[in-house]
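Biologist: I would like to learn how to read a model like this one. Please take me from the overall picture down to single residues.

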Amino acid sequence: MKLQFLGAAKQVTGSMYLLELEDGYKILIDCGTDMERSIDFDVPYEPAPFFPFDPTLINLVVLTHAHIDHSGNIPMLYREGYEGQVLCTPPTAELAALLLMDSASLHLRKLRAAQGESKKKHKQMDRLLRRGDLYLQKDVEDSLGNFVTLQFNRKFVIKPGLELTFIPAGHLLGAAHLYFSITEGDQVKTLGFSGDIGRFDYPLHIDPNPMPACDYLVCESTYGNRVHEDKVEPIDALAKIIKETCIDKPGRLVIPAFSVGRTQAVLYTLNRLIEERGFPAIRVFTDSPMGKSSTRIYAKNIAYLNPEARAFQKEYDDLFDVENLIFLQTEKESRAIRNYHEPCIIISSSGMISGGRVEQHIADNISNSYATILLIGYSAEGTLGRQLMEGTDLIRVKDREYRVNAQIRKIDVFSGHADQKGLLKFVSNQKPEKLKTVFLSHGEEESMLEFREEIRRLGFSDVILPDKAETFTL
């Protein structure tokens, strides 16, 4: 049996692993977009396969969860000849359909924009489409028809000698750890993939469940060298900032938040503040069409949420029906908020302030001393979110400069990833005498190196940081 690391190797995005069994059966675990991949247009174009393997030879795809850095290249896989199934949980199938269709729409907008621009730019877009870097709605539809859903904690026999169990991972609605039991000859080998590991006591999401004892473990390490700073509950952290921003003074609170997962956690927490603590119903604008669609998916899948959320739903009938909430659909509605002069909360994507309607809300409010920008998650290098975190005095949005007069606040209670302590708790459920190797993925190398030392202190000696395309015989 061989395991090849084709993505998220010493970086966070692009999760993709190829597991080849002794009999040649090939399983692709995740097929995510590599956000760090770039194309040099100065290099002469030569047609080349998008994947470092032949998709027609893949027998099965297994998806841990819907985020684009885990699912985003699935349409390209079918486009290049894959004809098999994608196994995932029911909520993952619904959220993946939403996210992949949104990606296809974005690709189409890029192509249409290129048609009205220079000939060189148009050729660039054409190259992207032909080489598989862009896909369209039909490609997504072709892939979604092959999604097959499985429930958590039920052993599924893929074929004789190959069994798979989805285990709740928290992190996102429907997110799963994968546990494989593989019989080769007279040996039974067990292999676990963490997927992305969620946090305990997170709004809405179930706690990450432990992985059964296994022989080999692939573990994410996004926050392998960090511990979440805020020790208060999300509801207390948000209550304090809303009071300071919108109650004690007539201010605005702008919350950049990803449309899927983070927006729902914030809306649910706001709803709890109003229903359980009697907070005034301040006007809330949610400016994300995808946020509205994904909120419906969350509301539909109550059974997959944590006990606290289910109890709230039973008592108050709705998780997200915040009093005074308005979902904005059109860009005209989005722009009109600048003329609303009462205290309000604006939730808009993207969470890192890297594209999306939130950029305009930042531009409209960043120079207002009565406004507060609340950063609730990680922001990558080069994003506006990172610049604000680092205390810049000036920002540039769409070729215009703005002075930063607004208050910049940061809390990490809504971060969806387990920190170093949570990751160590996940690994410590394994038995050092059984677990042969821990492979670290989905993290920057600096994070992995520190996390490796912490794992070794638990008694696990063989901890490997694979390079991209590196293959291991298990």
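Modeller: What follows goes from the whole chain to sheets, hairpins, helices and backbone details. This is a predicted model, where local features need pLDDT of at least 70, side-chain atom pairs count only at pLDDT 80 or more, and totals for chains, interfaces and linings use all residues. Residues are numbered from 1 along each chain as its sequence is written, and side-chain values use heavy atoms, with hydrogens and water left out.

Biologist: How many helices and strands does the protein have?

Modeller: Helices (H or I, at least four residues) and strands (E, at least two) are DSSP runs, numbered from the N terminus. Here there are 14 helices and 22 strands. The radius of gyration is 23 Å, close to the 23 Å that the globule rule gives for 474 residues, so the protein is as compact as a globular protein of that length. That radius is taken over C-alpha atoms, and the rule is 2.2 Å times the number of residues to the power 0.38. The C-alpha trace spans about 70 × 55 × 40 Å along its principal axes.

Biologist: What share of the residues is buried?

Modeller: Start with the cut-offs. Buried means under 20% relative accessible area, exposed over 50%, and partly exposed in between (1.4 Å probe, protein chains only). Of the 474 residues, 56% count as buried. The protein exposes about 20,600 Å², and carbon and sulfur atoms supply 47% of that area. The areas come from the Shrake-Rupley method with a 1.4 Å probe; for residues, only the protein chains shown count as cover.

Biologist: What do the contacts say about sequence separation?

Modeller: Contact means heavy atoms within 4.5 Å. Take the contacts between residues at least 6 apart in sequence: 74% of them join residues at least 24 apart.

Biologist: In what order do the strands of the open sheet run?

Modeller: Strands of a sheet pair through backbone hydrogen bonds, either parallel or antiparallel. Two strands count as paired if DSSP finds at least two bridges between them. The open sheet has 7 strands in the order β7-β8-β9-β10-β11-β20-β21, with mixed pairing. Its edge strands are β7 (156-159) and β21 (463-464), each pairing on one side only. Strand β20 (residues 437-441) runs parallel to β21, joined by 2 bridges. V438 has V463 as its bridge partner in β21.

Biologist: Which strands pair with β9?

Modeller: Strand β8 (residues 162-168) pairs with β9 in the antiparallel sense over 7 bridges. L162 has I182 as its bridge partner in β9. Strand β10 (residues 187-193) also pairs with β9 in the antiparallel sense, over 7 bridges. There, S181 stands opposite T190. β9 itself (residues 176-184) is mostly covered, with 8 of its 9 residues buried. β9 and β10 form a hairpin with 2 residues between them, and G185 in the turn has a positive phi of about 65°.

Biologist: What pairs with β2?

Modeller: Strand β1 (residues 2-7) pairs with β2 in the antiparallel sense over 5 bridges. β2 is joined to strand β3 (residues 26-29) by 4 bridges, again antiparallel. E20 of β2 stands opposite K2, and E20 also stands opposite K26 in β3. β2 (residues 16-20) has 4 of its 5 residues buried. The β2-β3 hairpin has 5 residues between its strands, and G24 in the turn has a positive phi of about 95°.

Biologist: Now a helix. Which residues of α11 are buried?

Modeller: An α-helix has 3.6 residues a turn, so residues three or four places apart point the same way. In α11, the buried residues are V358, E359, H361, I362, A363 and N365. That is 6 of the 8 residues in this helix (residues 358-365).

Biologist: What does S334 touch?

Modeller: S334 sits in helix α10 (residues 331-336). Not counting residues up to four places away in sequence, S334 touches D287, L328, R357 and H361. S334 is buried, at a relative accessible area of 7%.
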